[in-house]
Amino acid sequence: MNLEFSEGGSIVHEYNESNFYHGFAARCNQDLLSALRSRTDIEYISEDSITQVFSTTHANVTLEPDDTGSTAGSSKAHGIDPVDAGAALPGNKVNYITTSHVPKKSTKNDATWGLHRISHKGVAEEPYKYVYPGAAGEGVVIYVLDTGVYIQHSEFEGRASYGISFQGDPDDKHGHGTHVSGTAIGKTYGAAKKAKVVSVKVLNDHGKGSVSKMIAGIDWVVQQTFSPSPSVFGITAIINMSCGAWADDALDDAVTIAALFGVVPVVAAGNDGGHASKRSPSRADAAFTVGSINVEDHLAHNSNYGDCVNIYAPGSKILSAGIGDRDATAYKSGTSMATPHVSG
């Protein structure tokens, strides 16, 4: 595509997902925008918008069935029609592992309630234990599109690395990306204890970014994984997106293309307490969209829901890696926290 930006604008990002998805992000004045809209070789133009994390942080935590979720009789308070009750009350949609499904299983005692829940059927009850495959995700890379990752944290045992940053300094000064990564692969708090994390920093130190940077991150991941080698599970690359924007066609398309090239996009449903179809990339058909439940298996009070949510996972008061020192921890809540339980 021949584009002339010498006057009236400049290209910020050019996207070329393995010669299949062609696009660009640009700053332009009104005259240039009108000229671009008249071109027949441009399918659509959309305004860049803000992306953000989907989490809150807790100072003091007790696991109680109080303020973090709805009850079985409260679905109407969330505006959920009776036909959507199964999506609102996701007891059967939380995945779990049984002994017959786990070759060479391993067990971790003193696990978090979230890890217990994804490996056991029914409401999590103490003492929490995590049962998981002995392979533990070995050979799989999870690309975490987030605020960066504190790769020196002891939870990662050298299995976390910097990939690329679209926000300057690759370090995580916010804590969100590190917490997410700890739930995905951490030795104590992680679901896939032998997988690797690659940090793709698309959000700033305040937990915000732009759709254009998020697409740039997805594009970069596809370039890294264009020829994946087979793994024992048939998956070698996963994108974890515990963040998102309001509905955006360009972001949805980028996620769809990534999936076509074999990268599994696991994304947060959002924390609006509404329908996930209002968010991107959670509404994308190719996205594996994750909502949040609390320790009582109730829909978390602010979790998005609906037909485009594929699964619900633990997301309330989740303990994982923090920033500040190599052994720091933090409690966070949100669909951001539910998502790495699934990507891991």
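Figure 1. The structure is a predicted model, in which local features require pLDDT of at least 70 and side-chain atom pairs count only at pLDDT 80 or more, whereas totals for chains, interfaces and linings use all residues. Residues are numbered from 1 along each chain as its sequence is written, and side-chain values use heavy atoms, with hydrogens and water left out. S11 (237–241) and S13 (264–268) pair in the parallel sense over four bridges; two strands are taken to pair if DSSP finds at least two bridges between them. Strands are DSSP runs of E with at least two residues, helices are runs of H or I with at least four, and both are numbered from the N terminus. Val-267 also stands opposite Thr-289 in S15. The parallel strands S13 and S15 (288–293) are joined by three bridges.

**Figure 2. Strand S11 is covered on both faces.** In a regular strand, side chains alternate between the two faces of the sheet. Ala-237, Ile-239 and Met-241 lie on one side of S11, with Ile-238 and Asn-240 on the other, and all are buried. Buried denotes under 20% relative accessible area, exposed over 50%, and partly exposed the range in between (1.4 Å probe, protein chains only). S7 is joined to S11 by four bridges, and the two strands run parallel. Within this pairing, Ile-239 is the bridge partner of Tyr-143.

**Figure 3. Seven strands form an open sheet with parallel pairing.** The strand order is S8-S9-S7-S11-S13-S15-S16. S8 (160–165) and S16 (311–314) stand at the edges; each has a single partner strand, so one side of each lacks a neighbour in the sheet. Neighbouring strands of the sheet are turned by 30° against each other on average, direction ignored. For context, the secondary structure of the protein comprises seven helices and 18 strands. Of its 344 residues, 53% count as buried.

**Figure 4. Helices H4 and H5 lie across strands of the sheet.** H4 (residues 176–185) lies across S7 (141–146), S9 (196–201) and S11, running at about 160° to S7. Axes are lines fitted to C-alpha atoms, for helices over the stretch in contact, and angles run from 0 to 180 degrees between N-to-C directions. H4 is mostly covered, with 10 of its 10 residues buried; among them are His-176, His-179, Val-180 and Ile-185. H5 (residues 211–224) lies across S7, S8, S9 and S11 and runs at about 165° to S7.

**Figure 5. Helix H5 packs with helix H6.** The axes of H5 and H6 (residues 249–260) are 10 Å apart and meet at an angle of about 10°. H5 is therefore roughly parallel to H6, a label applied to angles under 35 degrees. Val-211, Met-214, Ile-215, Ile-218 and Val-222 of H5 meet Ala-250, Leu-251, Ala-254, Val-255 and Ala-258 of H6, contact being defined by heavy atoms within 4.5 Å. The residues of this contact divide into 10 nonpolar, no polar and no charged. In this classification Ala, Val, Leu, Ile, Met, Phe, Trp, Tyr, Cys and Pro are nonpolar, Asp, Glu, Lys and Arg are charged, and the others, Gly among them, are polar.

**Figure 6. Arg-283 and Asp-252 form a salt bridge.** Their closest N and O atoms are 2.5 Å apart. The pair links distant parts of the chain, with Arg-283 in the loop between S14 (279–280) and S15, Asp-252 in H6, and 31 residues separating them. Arg-283 is partly exposed, with a relative accessible area of 26%, whereas Asp-252 is buried at 8%. Salt bridges that share partners join Asp-249, Asp-252 and Arg-283 into one network. A salt bridge requires a side-chain nitrogen of Lys or Arg within 4 Å of a carboxyl oxygen of Asp or Glu; by this rule there are eight.

**Figure 7. Two further salt bridges involve Glu-157 with Arg-159 and Asp-169 with Lys-173.** The closest N and O atoms of Glu-157 and Arg-159 are 3.0 Å apart. Arg-159 is buried, with a relative accessible area of 12%. The side chains of Asp-169 and Lys-173 meet at 3.1 Å, N to O. Asp-169 is partly exposed at 38% relative accessibility, and Lys-173 is partly exposed at 47%.

Methods: Angles under 35 degrees count as roughly parallel, over 145 as roughly antiparallel, 65 to 115 as roughly perpendicular and the rest as oblique.
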